[in-house]
Every structure is written in structure tokens, then in C-alpha cells.
Amino acid sequence: MPRPRSLTPDQLASAALAVLDRDGLAGLSMRAVAKELGMSTMGLYRYVDDREELEGLVVERVLGAVDTTPPDPGAPWEERLRIMVGRLRDGVSAHPAALPLTLTHRHRSPSSLRWAETALAILTEAGLDGERRVLALRALLGYVIGAIQLEHLGPLSGAGTVTLSGLPSDEFPYLADTARRARSVGVEREFFGGLEVFLRGLGA
């Protein structure tokens with residue numbers, strides 16, 4: 001009998017991420033990943049205890065690609081935070097179906113912890129501490145997560161914006177006008193323009 005092959009955590013994560021990218025979060029299962037690896041479901045249990053552990057590997061694979069190195073300390077804090085946010089967006093946007101998992105596993109992912117530590121250091125240099133720093137980090141993550149979801153699930157270039165722009169102006173004057181203007185806003189402008197509004201609020 002041939003000896004069972006040995007798989008690395010990176011190989012397991014790659015297979016799980018392939019399933020996630022192709023079939024979405026609902027399609028991620030021990031059986032699906034085992035099939036992706038060309039092995040039995042029971043064989044996969046030799047490497048991970050359950051789906052939760054598999055999810056953790058996926059999250060670390062996604063967030064491990066995010067550069068958490070502190071930006072140039074000579075740059076303004078707003079620019080450094082903008083860089084950190086941009087890196088996180090790029091990493092997660094490459095695998096949008098993994099976004100919910102990054103939330104539930106964020107406290108166990110070393111890469112997530114390193115990103116948060118760097119961001120908190122920048123917020124501290126900006127003069128935020130205590131409860132204000134807590135709220136600032138939560139609000140920042142809330143913006144990034146929400147913006148990524150909107151970008152992939154409800155983009156301004158999508159049918160929803162077209163529908164809203166056609167609403168009767170006498171009944172929905174502000175919504176209709178805003179939707180018409182939104183159709184010309186690009187993805188980058190939407191994300192970083194919204195981030196600028198947030199950063200200005202932090203500096204107030």
C-alpha cells in the first residue's frame with residue numbers, strides 16, 4: 001500500500017480558497033475541499049479537526065498576503081493610514097467571498113493582529129487613545145468591510161443605481177439625483193473618496 005501523501009497547511013489553504021473563490025462561502029465544506037485535493041473527506045480530517053480550523057487557514061492565507069509593514073514614519077498619519085487601508089482592501093478584494101471569515105477569525109489570525117497593531121500605532125500618533133482609539137479602529141474596519149461588500153455586491157455601476165436614478169423626482173428628489181450622479185463615480189473614487197471623509201472626521 002502506498003503511504004498517504006503529506007499536505008502542508010499552505011496546500012490545504014490553497015485548496016479551500018479555490019473552492020471559496022469558485023463556489024462562494026456556502027460551497028465551502030470539508031467534502032468540497034477534500035474533493036479539490038483529490039482525497040476522501042475522512043482523509044482531510046487527518047490534517048484539520050473541522051471546518052472552523054479550515055476557515056482559519058483560509059483567512060491567514062488571504063490576510064497573509066497583506067503587507068503589514070509600517071509605512072514611512074515621515075509621512076503624515078492620514079497618508080500612512082490610507083496606505084494600510086489600501087493594502088487591506090487589495091488583499092481582501094482579491095477573495096471577496098472570504099470577507100465574512102476575516103471577521104469571525106480576526107482575533108486568531110497573526111496577519112490580522114499585525115495589521116491592527118500597525119493601524120493602532122498610527123491612530124495613537126494621530127492623538128487618539130483610550131475609548132476614542134477603540135471607536136476609531138472599529139469605525140475604520142466598518143468602513144473598509146462595508147465598502148468592499150458594496151463594491152462587489154452593490155456597485156455604483158450596477159443595475160441598482162440605474163433603477164434608483166429613474167425614480168420619480170417629485171417623490172424622491174434627493175435619492176434620484178444622487179443616483180444619477182453616482183453613475184459617473186468610479187470604483188477607486190468611491191472607496192478612497194469615502195475614506196477621505198472618514199479621515200477628515202478623525203482629525204476634527
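The secondary structure of the protein chain comprises eleven helices and zero strands, where helices (H or I, at least four residues) and strands (E, at least two) are DSSP runs numbered from the N terminus. This is a predicted model, in which local features need pLDDT of at least 70 and side-chain atom pairs count only at pLDDT 80 or more, while totals for chains, interfaces and linings use all residues. Residues are numbered from 1 along each chain as its sequence is written, and side-chain values use heavy atoms, with hydrogens and water left out.

**Overall form**

- The C-alpha trace of the protein chain spans about 75 × 45 × 25 Å along its principal axes.
- Of the 204 residues in the protein chain, 36% are buried; buried means under 20% relative accessible area, exposed means over 50%, and partly exposed lies in between (1.4 Å probe, protein chains only).
- Among contacts with a separation of 6 or more, 65% join residues 24 or more positions apart, a contact being heavy atoms within 4.5 Å.

**Two domains**

- The protein chain is divided into domain 1 (9-63) and domain 2 (67-202), with bounds that come from an automatic or database domain assignment.
- The C-alpha centres of domain 1 and domain 2 are 28 Å apart, and their contact takes 14 residues from domain 1 and 16 residues from domain 2.
- Between them, domain 1 and domain 2 bury about 1200 Å², 71% of it on carbon and sulfur atoms; buried area is the accessible area (1.4 Å probe) that two parts lose on being put together, summed over both.
- One salt bridge is counted between domain 1 and domain 2, the term denoting a side-chain nitrogen of Lys or Arg within 4 Å of a carboxyl oxygen of Asp or Glu.
- Helix 1 (9-23) and helix 4 (51-63) each supply at least two residues of the side of domain 1 that touches domain 2.
- Helix 4 gives the most to that side of domain 1, with eight residues.

**Salt bridges**

- The whole structure contains twelve salt bridges.
- The side chains of arginine 108 and glutamate 52 form a salt bridge, at 3.2 Å from N to O.
- In the salt bridge of arginine 22 with glutamate 36, the closest N and O atoms are 3.1 Å apart.
- Because arginine 22 lies in helix 1 and glutamate 36 in helix 2 (residues 30-37), this pair ties together parts that are 14 residues apart in sequence.
- Arginine 22 is exposed, at 52% relative accessible area, whereas glutamate 36 is partly exposed at 34%.
- Glutamate 55 and arginine 51 form a salt bridge with their closest N and O atoms 2.7 Å apart; they are four residues apart in helix 4, so about one helical turn separates them.
- Glutamate 55 counts as buried at 11% relative accessibility, and arginine 51 as partly exposed at 28%.
- Glutamate 151 and arginine 89 meet through their side chains in a salt bridge of 3.1 Å, N to O.
- That pair links distant parts of the chain, with glutamate 151 in helix 8 and arginine 89 in helix 5, 62 residues apart.
- Arginine 89 is buried, at 3% relative accessibility.

- The 17 residues of helix 11 (residues 187-203) should span 24 Å at 1.5 Å a residue, and the end C-alpha atoms are 25 Å apart, which agrees; the expected span is 1.5 Å times one less than the number of residues.
- The buried residues of helix 11 include Phe191, Leu195 and Phe198.
- These buried residues pack against helix 5 (77-93), helix 7 and helix 8 (130-153).
- Serine 112 is located in helix 7 (residues 110-125) and is buried, with a relative accessible area of 15%.
- Apart from neighbours within four places in sequence, serine 112 is in contact with Leu63 and Arg106.
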